[in-house]
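Backbone geometry and the surface follow.

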Amino acid sequence: MVVVRASGYLFDHQIKYPQWEPPAAKLQHFISNLGVGGVILLGGSAAELALRSQQLQSWAKIPLLVAADIEEGVGQRFSAATWFPPLMAIGAIAEKDPSLAQHYAEEMGAITAQEALAIGINWVLAPVVDVNNNPDNPVINIRAFGETPAVVSQLASAFIRGTQRYPVLSTAKHFPGHGDTAVDSHLELPVIPHSPARLAEVELPPFAATIAAGVDTVMSAHLLIPSWDNKLPATLSPSILTGQLRQNLGFEGLIVTDALVMGAITNDYGVNEAPVLAVEAGVDILLMPLDPEGAIAAICDAVNSGRISPERIRASVERIWQAKSKVFSSQTQTDGNENFSPSNFLHQLASPAALATVNAILRDSCQVFGSVPLPKENLINLRNLIVVDNLLDCKFLDRQAPAIVIPQERGYTTQLCDGHTPISTSDRPQPTLLQVFMRGNPFRGSAGLTQMAEDWFKNLLTTGELQALVVYGSPYIKNKFLQYLPPDIPCVYSFGQISAAQAIALQALFGI
């Protein structure tokens, strides 16, 4: 009933988050001696993950659930595999062509499941089925398929149908709906003030649809919903997880918590009391408890004292065994992963068909405004100004990134800026291509423009140096820019930030 966080890298000195990712000896102790039921992995390449998952399974007496937050494909977390655009790109396509969008969502689900299985991941923590109807949502944002229950229900169900081509577990998250919040639950506890009628109208339909589609697991949200429970967040609430999810919606699969290390839980509930409350609420799997050993001891104590019945534990274990029987019934997923070899998985990663699907989604969701393509002019002192949240944690920019190379080939000089970079001015006017990479993300704390990005934009408009604008990421940020952008200045928008998104957006801008 416990799933622990582990680094995807093979060696201890590569661990990126030591507060959450234990060294090998402790991780092996958790698996071999404590008998934890699974791991959630982050970091490393897809090829490393194939070795890492094999190593972890070899430590286990009972085969492990191996999970990953791969909402945008395996490549989002593990380099070299396929990285898709955010789900909202497919939602935007659905506005014009619902059947095409459903096709893309199903293919995305299938490709994600195939690549996950190829490297030893058997639990896909996707899709997000939140309805992002709050533009200020700092944590869901473009991770959601869209802003209406109908679009989210259709596309999430299609994604799940895709995953069902392979023996992996799928996950609808975050129950009962994290889309209408302006607070990031990674940092603090959001409150959903809506009535039961409103929840039934907006938040719950996508969960009902994905349950009908056969989703294997549902992940709880760390949210306080006073109309259902004015004391406990959903993750710890019997009336929400057992009453609403189990009894009302009839869900019979696995209920898993969102990460128990998140601020919404750790700020207000005891490190070892929260896991006990979650089990009392109806949770089957505790994801990333801050102290796995302490959580196990606390739950055992609760059973021994009569606070939790043995039958309650047995019910969860039976659901876990049922889920494991699904993912380990295939010869491709055996105890210890005996069939592992490079030839078994390399050809299944980032195939031409998968990359073609990524490019098609990016092209069909790309948006252009103003005078595109950019007129060819003999201008001098051209500047390519790239603005990101944090250059130190930027996975989509390097020397070969299209956002740098394509303008460079056209005479632009690159300037990189983030929140730590002061605005600099020049005595000579610099016609400037402004490229902004920003989106809502966990731990970011805001879905909006940074002050630095907004200042750059306004400064370039005031001086008349803004030649063109490309926005990668949040459509809400793009909409804010468009309010002030003169119609003659070209603008291109992409939901994606990856290299393929950059290339497609700049090809549209320059008419390549």
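Trp 20 has 23% relative accessibility, so it counts as partly exposed in this predicted model. Tyr 17 is also partly exposed, at 35%. By the ring-pair rule, the count comes to 7 aromatic pairs. Tyr 17 and Trp 20 make one of them: their ring centres are 6.1 Å apart and their planes meet at 25°, so the pair is stacked. The cut-off for stacking is under 30 degrees.

Phe 457 and Phe 481 pair edge-to-face, with 4.5 Å from centre to centre and 65° between the planes.

Phe 396, Phe 437 and Tyr 472 make up one aromatic cluster.

Next come charges over rings. Lys 395 lies over the face of Trp 83, 5.1 Å from the ring centre. Arg 410 places its charged end over the ring of Phe 510, at 5.3 Å from the centre.

Now turn to the backbone. Phe 175 and Pro 176 are joined by a cis peptide bond, with omega about 5°. Pro 176 sits in the loop between β5 (171-175) and α6 (196-203). A cis bond also runs from Val 372 to Pro 373, where omega is near 10°. The loop between β9 (367-369) and β10 (383-387) holds Pro 373.

Positive phi angles are worth checking as well. Asn 141 is not a glycine, yet its phi is positive, at about 55°. This residue lies in the loop between β4 (123-124) and α5 (149-163). Is Asn 141 buried or exposed? Its relative accessibility is 0%, so Asn 141 counts as buried. Ala 350, again not a glycine, has a positive phi of about 50°. Ala 350 is placed in the loop between α13 (342-345) and α14 (352-365). With 24% relative accessibility, Ala 350 counts as partly exposed.

Finish on the surface. Which residues form a nonpolar patch there? They are Ile 62, Val 317 and Trp 321, and together they have about 270 Å² of accessible area. Ile 62 is in the loop between α2 (46-59) and β3 (65-68). Its relative accessibility is 42%, so Ile 62 counts as partly exposed.

Note on methods:
Residues numbered from 1 in each chain as written. Predicted model: local features only at pLDDT ≥ 70, side-chain atom pairs only at ≥ 80, totals over all residues. Heavy atoms only, no water. Patch = residues over 30% accessible without salt bridge, like charges linked within 9 Å, V, L, I, M, F, W, Y side chains within 5 Å. Areas by Shrake-Rupley, 256 points an atom, 1.4 Å probe, with all protein chains shown as cover. Salt bridge = Lys/Arg side-chain N within 4 Å of Asp/Glu carboxyl O. Helix = DSSP H or I, 4+ residues; strand = E, 2+ residues; numbered from the N terminus. Buried < 20%, exposed > 50% of the residue type's maximum accessible area, 1.4 Å probe, protein only. Phe/Tyr/Trp six-rings, centres within 6.5 Å; stacked < 30°, edge-to-face > 60°. Lys NZ or Arg CZ within 6 Å of the ring centre and 35° of its normal.
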